[in-house]
Amino acid sequence: MSTTDAPKKPRETDDVPVPATLRKSLKNRHIQLIALGGAIGTGLFYGSSESIALAGPSILLAYLVGGLAIFAIVRALSEMSVEDPKAGAFSYYATRYWSKRAGFISGWNYWFNYILVSMVELSVVGSFVNYWLPAIPTWVSAAVFLVIICAANLLGVSKFGEFEFWFAIIKIVAVIAMIIGGLAVIIFALPTASGVRASFANWFTVGNGFFPNGLMGQNSDGSWTGLLMALVVVMFSFGGTELIGITAGETEDPKTTIPRATNDIIWRILVFYIGALGVIMAVVPWNTIDGKSSPFVQIFDSVGIHAAAGILNFVCLTAVMSVYNSGLYANSRMLYSLAKQGNAPAYLGKLNSRGVPVAGVLTSAAITAIAVVVVFVWPEFAFNYLMSIATIAGIINWTMIMLTEMKFRKVVAAGGAPEDSELAGLSGQEALDAIHFKLPFAKVTPWVVLAFLALVVVLMCFSTSYRIAVIAGVIWLAILFAAYQLTQAKK
């Protein structure tokens, strides 16, 4: 029989029935935009006002320092993802290279974190819809978008990738348009509403200069401010960048795509955070950014483009949909991974013919729907307590990634690399040298990042709004430890 007559193996797509398995359908452009979109959300469009108020122009340094820490965290995760690409990255790696308990805590912590984030995103989607259609109840908007995103995730991973690709494109275009518009105002010396000439010199001449509040200081009302306090706000705006690791198990060519997407994180942060906010503070005096409207709206309003509010409302609506889309994807894969480890009910580990963990998608969507109801019924309780847990859960996740990376290297050096990896059969320094995508300065970097994350937790204790998150974090970890021991006792 000729090769042309030989039966062909079905392609791994979402449309061809093949045995139930996760499909490697995410292409390079999907991964690049998923990684980029994860770093751009409502935290940049609206939350940046809070960080600017705390540190003034020196907030650019906070984003640079925080960005370097996030880059190191994602590099550590990517080091493992390239050698051993699996769904539910954090939980799988913690189980494989650390312990089953670590995998349980890592996986359920991340799942619950994204449930809470999704809850908040869905609860505010109505406010964006009401900008154009005020008569529609906010709960209706939340329900409609929940169903739409859930349906998109059930269609297959390539459909999820397409949704995220276009959501990210919208956000990227919005930020680039703002940067170009702001540079035009500066270069052509266009008049602004504040009467202050647009210039990068405004970083140093407006409101007590580049460090208006110093490294750290106390206001008359007892609240703390300064560059260090701004780090707390900045770090949580980077939440979502670690999604790169989750996608590794469904990526066409993880050895090429994951490193490229990871290394691009630095320029994304430079352009979309430092570049954007730097231009904003050159055009709009930083001490007039009060949080009543987005800095992105203010920069266009300052030169008479008043349609910016409507445009940004649309961008934020797509950003909210993007966050929930990513959250539902990540949560379904995390439940799938936990089930495969024996850390979650077995039904969550089943796939349909399209390679989608349907039970994980539907379970996560149902829990999110219940959480959204809690928000509408008890909004103060939800935002003050549940979101404080989500806040500290991010720190726990990043901490476990760095600890797991150190465990991973010990296992690899001992000759325990995955059997299908190029490291198989190697041990000692030879195995470590053969790692395809190494974490830079791997003997030191994890400890530096862990010390930085510890500093962020300490700084959170100085803020009344974040202090409760630290307390909630201790309680939350105790609950996870107890839950693990309970499940093991039942087995």
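How many aromatic pairs does a search of the whole structure find?

## Aromatic pairs

The search finds 22 aromatic pairs, where rings of Phe, Tyr and Trp (its six-membered ring) pair if their centres lie within 6.5 Å, with planes under 30 degrees apart called stacked, over 60 edge-to-face and the rest tilted. Bear in mind that this is a predicted model, in which local features need pLDDT of at least 70 and side-chain atom pairs count only at pLDDT 80 or more, while totals for chains, interfaces and linings use all residues. Residues are numbered from 1 along each chain as its sequence is written, and side-chain values use heavy atoms, leaving out hydrogens and water.

## Two pairs to look at

Start with Tyr-97 and Phe-408, an edge-to-face pair at 5.0 Å centre to centre with 90 degrees between the planes. Tyr-97 belongs to helix α5 (residues 89-97) and Phe-408 to helix α17 (residues 379-413), so the pair links distant parts of the chain, 311 residues apart; helices here are DSSP runs of H or I, at least four residues, numbered from the N terminus. Tyr-97 and Phe-408 are both buried (under 20% relative accessible area, 1.4 Å probe, protein chains only).

Next, Phe-160 and Tyr-329 are stacked, because their ring centres are 4.1 Å apart and their planes at 5 degrees. Phe-160 and Tyr-329 are both buried.

Phe-200, Trp-203, Phe-204, Phe-210 and Phe-211 are linked into a cluster by ring pairs.

## Around Met-178

Met-178 touches Ala-276, Val-279, Ile-280, Phe-296, Ile-299 and Phe-300, leaving aside residues up to four places away in sequence (contact means heavy atoms within 4.5 Å).

Conventions: Helices (H or I, at least four residues) and strands (E, at least two) are DSSP runs, numbered from the N terminus. Buried means under 20% relative accessible area, exposed over 50%, partly exposed in between (1.4 Å probe, protein chains only).
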